[in-house]
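Subject: Structure handover

Hello,

Here is the structure for you to look over. My notes follow below it.

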Amino acid sequence: MPKSKFQILKYFFKLTNNLSRTYIPKTVLASLLKAFTPFLNIIIPKLIIDELMGNQSINILIIYVGVLSIGNLIFKILNSYFEKIMELERTDLFNKIDSYLGEKCVEMDFENIEDPEILDLKERAYFAIYNMNAIGWALEKTSQIIYEGITLIGLSYILITLNPLIILVILIIVFLNSYIFKKIEKIRFEDNQKSIFDNRAFSYFIRLTSDFSVGKDIRLYNGKSLILNKARYFTDNLLKIYSKQFTDIGKYSGITNINIQVQMIIIYGYLAISVIGETITIGSFTMYANTVRSFSTSIMSFVNSFIDINQICLYLELFIQFDSIESKNSKGIIDIDNIENFTIEFKNVSFKYPNKNEYTLKDISIVIKPKEKLSIVGLNGAGKTTFIKLLSRLYEPTEGEILLGGVDIREYKYTEYMKLMSIVFQDFKLLSFSIKENFLFDSEVDDTRIIQCLEEAGFGEDLDKLKNGIDTNIYKSFDKNGIEFSGGQSQKIAIARALYKDSPIVILDEPTSALDPISEYEIYNSFNKLVEGKTAIYISHRLSSTRFSDKIAVFKNGSIIEYGNHNELMKKEDSLYGNMYNTQAKYYIA
Ligand SMILES: Nc1ncnc2c1ncn2[C@@H]1O[C@H](COP(=O)(O)OP(=O)(O)OP(=O)(O)O)[C@@H](O)[C@H]1O
């Protein structure tokens, strides 16, 4: 990660340039244009006044006034043209950064998405870019240093002809004010960082109010006041932070204004005395007064730009920290093509969720042979889904290793490894796209096969009723005719999506929980045919699935306590499996 301010800026200029080739050159051009504007209004008025006090030539006066007005008009048009252009450039750059951060989030290891520290860091990165406009700010300040630098050289030259001590007076005031300005920026940065958690929490609660997936529960259990009270609590916190900030900053800003007034009194006094003593003309008075005003504004913004850049780097550093989070999954380098043996082996695997002290899985050892059908059963919270999450590399084991074909799964290229797995998680999600787009988000799809898979998953009759077939949009987010499928229908689409992927390892975690018993039976029946020649792992509380399995692993409190086939486990005395099976069968038969 870059450390020095220079390295941080370089990192960002490089990133900006990669995202938008035109942003930096246009910003520099706009800044240079600004640098030359003040000179026109300093030099020409002096010439006009001197002419008025001297020869009073109408022709020369017309030329001066003409140059002044046309020059100002041209600068104004050009400046506002660039302002508009820069507005568009900024929007475009922000959208690109948005996509860049989005890509980063999607590629991030899954476990990071639920880590509050990472979530806060992400919020800080977003805050830096959006709320503080840190990239635009950095570029603006860098170009400000350039153009104020150029302006200052010209203005110093004019002021030296008056009295170099004037420059000293301005510098003293500027450095005093810069010290205060630095304090103001420090307060702002610290308060902004303090507000990150409250901001994130506030946005979460406000988002909930329009989140369709929780809309029912909020209405049924009168969640409105709870949510709004929580949101209010966090806005109150934010208000406290920012009210204190405004008071503190207000005090400091007051002092800087007093300093500027003192500076003006000294300089105007000196200029007035010089006019009375006739050491300068009235025209020169105007020029020097304008020069002093421009010089003090320019030197202030020149010095403050450095302070600003210092501050911006603090914000940008947070962005870089987020950007530098490494994905463990991206470290795998072995090609999947090289393996022929799909034996999966968990070797003494134990696992704790991040930020948790207790183990969710303890010393799991199991071999799943190629083409084997394994059912995983157990009570709620026993660790069944967690077992799948480890196999699918959403998390890494805390201890032990998981092997595929004798090689630690972390060593395989992640994207290729994921191609081996068709998984339907119990909390699968369909997205607000068409049915077809939900199958493969990023590549060409085969419509006939999609339809075939939907039929195999028991969705055929439902599909026939859809006017737009597989082009029907799911949910109404973008289409008022979009369809809100039932839980069972959605589950069938999710299963069809897994079938379509046609991977050698198929994992179904509670795949039929929302299905009626007939659909469930049909799916398992057809599944057995469909997963022929593949390894299949089923997690289900409906023990009917175990009948289709070669092996059953019974989980309890994070360990496998029973393992065997249906008959073996049923014969075992005091077996949890037997107990669960009989209890369920009793209700079904009765
Ligand atoms: N992301 C997480 N962070 C922390 N703890 C978690 C997380 N996900 C699950 N757990 C905990 O891990 C334990 C095992 O959960 P898991 O989902 O693996 O159980 P399960 O056997 O699949 O349960 P169920 O039958 O209810 O689906 C539970 O105590 C759960 O609270």
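Asn355 counts as exposed, because 10 C-beta neighbours lie inside 10 Å and the cut-off for exposed is 12 or fewer. Please keep in mind that this is a predicted model. Asn355 sits in the loop between strand E1 (344-351) and strand E2 (361-368). Its phi is near 65 degrees, a positive value in a residue other than glycine. Most residues other than glycine have a negative phi.

Glu278 also has a positive phi, near 60 degrees, and is not a glycine. Its place is the loop between helix H9 (224-276) and helix H10 (282-323). Glu278 counts as exposed, with 7 C-beta neighbours inside 10 Å.

**The ligand shell**

Which residues surround the ligand? They are Glu114, Tyr353, Lys356, Thr360, Gly378, Asn380, Gly381, Ala382, Gly383, Lys384, Thr385 and Thr386. Helix H11 (residues 384-391) gives the most to this shell, with three residues. By class, the shell has seven polar, three charged and two nonpolar residues.

**H5 against H7**

The axes of helix H5 (residues 116-131) and helix H7 (residues 164-208) come within 10 Å. They cross at roughly 115 degrees, so H5 is roughly perpendicular to H7. The crossing is right-handed. On the H5 side, the contact is made by Leu119, Asp120, Glu123, Arg124 and Phe127. H7 brings Asn192, Ile196, Phe197, Asn199 and Arg200. The residues of this contact divide into four charged, four nonpolar and two polar.

Best wishes

Methods:
Residues are numbered from 1 along each chain as its sequence is written. This is a predicted model: local features need pLDDT of at least 70, side-chain atom pairs count only at pLDDT 80 or more; totals for chains, interfaces and linings use all residues. A residue is near a molecule or strand if its C-beta atom, placed from the backbone, lies within 6 Å of it. Helices (H or I, at least four residues) and strands (E, at least two) are DSSP runs, numbered from the N terminus. Ala, Val, Leu, Ile, Met, Phe, Trp, Tyr, Cys and Pro count as nonpolar, Asp, Glu, Lys and Arg as charged, and the others, Gly among them, as polar. Axes are lines fitted to C-alpha atoms, for helices over the stretch in contact, and angles run from 0 to 180 degrees between N-to-C directions. Angles under 35 degrees count as roughly parallel, over 145 as roughly antiparallel, 65 to 115 as roughly perpendicular and the rest as oblique. A crossing is left-handed if the near helix is turned anticlockwise from the far one by less than a right angle, and right-handed if clockwise. Two residues are in contact if their C-beta atoms, placed from the backbone, lie within 7 Å. A residue is buried if 20 or more other C-beta atoms lie within 10 Å of its own, exposed if 12 or fewer, and partly exposed in between; C-beta atoms are placed from the backbone.
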